[in-house]
Every structure is written in structure tokens, then in C-alpha cells.
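Q: I have not looked at this protein before. Please show me how to read its main features, one step at a time.

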Amino acid sequence: MNSKASTDNPLMMRTVGWGFVGASNIARQWMADAVRTQENHEVVAIMSNSLSRAKAFAEELNIASAYDSIDALLADPAVDVVYISNTNELHKPAVLAAAKAGKHVFCEKPLALNLADAAAMVKACQQAGVVMATNHHLRNAATHQAVRAELATGTIGQVIGMRIFHAIHLPKPLQTWRVNNPEAGGGVILDVAVHDVDVIRYLLAEDPVDVMAYAQTGGMASKVEDGAMAILQMPSGALVQTHQSFMVPYAGTGLEVHGTHGSIIARDVMSQRATGTVELVNDAGRRQLSIEHHNLYQYALSQFAKAITQGGEPAVTGEDGLKALAIALAMTESAATKQRVAVHYPAV
Ligand code: NDP
């Protein structure tokens, strides 16, 4: 969805106010700062289900207004954009309400717990004429952008396979709903794999056709999976292998793309932080690609800011979030049924 792209767009003329729905860790740790680094953007309101949590969050982050209902936040005339980062089962009602109120939407991943809900969210934003973005941060990394640019040159030839290594140790403070609450969308597939499949789509510029996945519950989690491995088949014939875990402290993260004439090896790149290296290996030898790191979330918001003021698309659209969810849910189904599952991409 393109926002109105002209100087009569009121958001060009004044401070763009962000209302945060969810007194969450990601909002506190990354997103409030990322908003404030955009010229003429400010976090003006926070909504939590608990007014005392909202007020504490507002005080800590110097936010003008605190609410305990989304209707009150949406009625605040200073709010132009809604950032939704409560737990996953709560994203849908917040997006629908924001769209109905004519506010632009920046929504956390996974968009929802099922495809019908996610499609309804994307459609509501389209129909309301507001911009919708999904917060898949990894494709905003300079490292991932460098991999994509290198692939576009064709230096590694035909892509045969790709591997993603995203097995990490979930820090103790985050071992809450993620590891024990399926109703909130816990589990490593909806938490981590959903980001990785967005990376696959971004780098290979095609959408997986089908998936075979296995999942484990290895001791940290209960009622949800804390580890998964998958193989995805791409329309071009390329195969992609992924590994996600909450329980592996020392594997390190990375991705590799292997082609008929070379390989791209990226290390320490599946991170919220602006880190990592990218190396090209081919008959000519090994060469480090030059990377100018930037903050991933600030980059996402700079693209979003352009989309709502000048038109164009955010870095990761609502449709991208819907497709990533479709692939992640196919992984979940495959792991449960031990069958290969065709990915169903719903029309919006
Ligand atoms: P948190 O666990 O920090 O917060 C989620 C919700 O839990 C909050 O909205 C809050 O509800 C409630 N909550 C927080 N603290 C308390 C408390 N002390 N007592 C009771 N309830 C509390 O979530 P995360 O920041 O880890 O994740 C939020 C969303 O962001 C998820 O959708 C997740 O998938 C996504 N995420 C995305 C990342 C990315 O890089 N794109 C990274 C991390 C998370 P209330 O709002 O009612 O106060």
C-alpha cells in the first residue's frame, strides 16, 4: 500500500507521533530509540493492559501519554502510527483497530497465529489506505543487503543451496511465553524461523514451494518446540536448510549461499545487532565484502518513514509478513505430521 505521496500529506508538515501498543522488551530495547532517530518522529503514547505498567514504561522512556485501552490510544490526536509489539495472539485486534482508525501500522512478527487472521490484517490496512509494515529486522542488516547485492551480480552462478544457522541460547529473562505458551504463539518456529524464512525470500527472491521440518522440545520449553530443522524447496530447484534453537549457546549464527561458481559465507549475521562478516569464495580465492554496518531497526523505520510521507513501500510489507507466516506454519505442520507440506500463500 502506498501512502499519499505529496506535499499535502500532513505527516510531511509536523511531528509524526507513534503510539506503542505493548509495554514490551523489544519496544524498550530497540524501537523507542529507533523511532527517535528519525527526523520529526516521536513516541507520544504507550498502551499496556496494565495502566501501572503503561505509566512506568512512559516514565522510563519519557513518553507523554499512557493508556490501558487501545481505543484511548487511537483517540489520541497525537498518534499517527501504531507500533504493535504485544504478544502474538494480540496483534490482530490491534492492527484491525488501528486500520479502522486510519493509523499507519508497524506490526511485530509473527503477524498472527494463523493465515486467515494475518490476511485479514493485511486486507484491513489495504482497505483503510494505511501503510502496513512487518518487523522482520534481518533483511535490514547491511550484511544481508550485501549478500543480496552479490547474488544479483551472478558471481556465484546458479544457486544450488542455502543454509541458515540460527541456533542460539534464549536469555533467561526471555524464557517466558516464548517457551511455555502456545496460545501466545510461543515456540522457536514462530519466534525465530519466521525471521529466517523472510531472509530466504529476500535473498533468493523466490518463495519456497514446500517444506519438510522436524521439531524438538529439548528441555527449555514445554508445550512448544525449542528446536527445529527444515529443508525448503525453491521454485528454481535450489534447496534451503535451516536450524533454529533456543538451547544452543555456542554454535554461532550465519548463512551460506552456494552456487555453481562460488559460495557466499556470512558469519554472525542472524542478530539484532549490526554485526558480522560476508565472504565470497570462488576460483579467484576468498574475498571479504566491504560492509558498512547500520542499525537494523533504524533502517526499517527510515524506510517506513519514507513510505508514510513520500509513498513507496516499507522494507518489509504486510504481505511479506503474511508470506513468512505461511512458510513458518508449513514448517509447524510438517513437524507435527512428519509429512512434506506445500506452502499455501493466501490471496489478500
Ligand atoms: P515481552 O515479553 O517483553 O512483552 C510482551 C507483552 O508481555 C507486553 O506487551 C506486556 O503486556 C507483557 N508484559 C511485559 N512485562 C510484563 C510483566 N512484568 N508482567 C506481565 N506482563 C508483562 O515481549 P517481547 O518484546 O519479547 O516480544 C514482543 C513482540 O515482539 C512479539 O510479537 C515478538 O515476536 C516480537 N519480537 C520481535 C523482534 C524483532 O526483532 N522483530 C525481537 C523480539 C520480539 P502489556 O502490553 O499488556 O503491558
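A: Start with strand pairing: two strands count as a pair if DSSP finds at least two bridges between them. This is a predicted model. In it, β7 pairs with strand β11 (residues 254-259) in the antiparallel sense, over six bridges.

Q: Which way do β7 and β10 run relative to each other, parallel or antiparallel?

A: Strand β7 (residues 159-167) and strand β10 (residues 239-245) run parallel, and seven bridges join them. Met162 has Val240 in β10 as its bridge partner, and His166 stands opposite Gln244 in β10.

Q: In what sense does strand β9 pair with β10?

A: Strand β9 (residues 227-233) and β10 are antiparallel, with seven bridges. Ala230 is bridged to Thr242 of β10. The two strands form a hairpin with five residues between them, and there Gly237 has a positive phi near 105°.

Q: What is the order of the strands in the open sheet?

A: The open sheet has nine strands in the order β14-β13-β12-β11-β7-β10-β9-β8-β15, and its pairing is mixed. At the edges are β14 (285-288) and β15 (341-342), each of which pairs on one side only. When you follow a strand, keep a general point in mind: in a regular strand the side chains alternate between the two faces of the sheet.

Q: Which domains does the domain assignment give?

A: The assignment gives domain 1 (10-137) and domain 2, which is made of 138-297 + 327-342. Their C-alpha centres are 27 Å apart. Across the boundary, 16 residues of domain 1 are in contact with 22 residues of domain 2.

Q: How much area is buried between domain 1 and domain 2?

A: Buried area is what two parts lose in accessible area on being put together, summed over both. Here the value is about 1,700 Å², and carbon and sulfur atoms give 63% of it. On the domain 1 side, Trp30, His136 and His137 supply 47% of the area buried against domain 2, more than any other three residues.

Q: What polar links are counted between domain 1 and domain 2?

A: Seven residue pairs are in polar contact between the two domains, both residues being at pLDDT 80 or more. Helix α1 (residues 25-36) gives the most to the side of domain 1 that touches domain 2, with five residues. By class, that side of domain 1 has seven nonpolar, seven polar and two charged residues.

Q: How many salt bridges are there between domain 1 and domain 2?

A: The general idea is that side chains of opposite charge can pair when their charged atoms come close. Between domain 1 and domain 2 the count is one salt bridge. Lys109 and Asp191 form a salt bridge, with their closest N and O atoms 3.2 Å apart.

Notes
Residues numbered from 1 in each chain as written. Predicted model: local features only at pLDDT ≥ 70, side-chain atom pairs only at ≥ 80, totals over all residues. Heavy atoms only, no water. Domains from an automatic or database assignment. Contact = heavy atoms within 4.5 Å. Buried area = accessible area lost by both parts, 1.4 Å probe. Salt bridge = Lys/Arg side-chain N within 4 Å of Asp/Glu carboxyl O. Polar contact = N/O pair within 3.5 Å; in protein donor to acceptor, adjacent residues only side chain to side chain. Helix = DSSP H or I, 4+ residues; strand = E, 2+ residues; numbered from the N terminus. Nonpolar A, V, L, I, M, F, W, Y, C, P; charged D, E, K, R; others polar.
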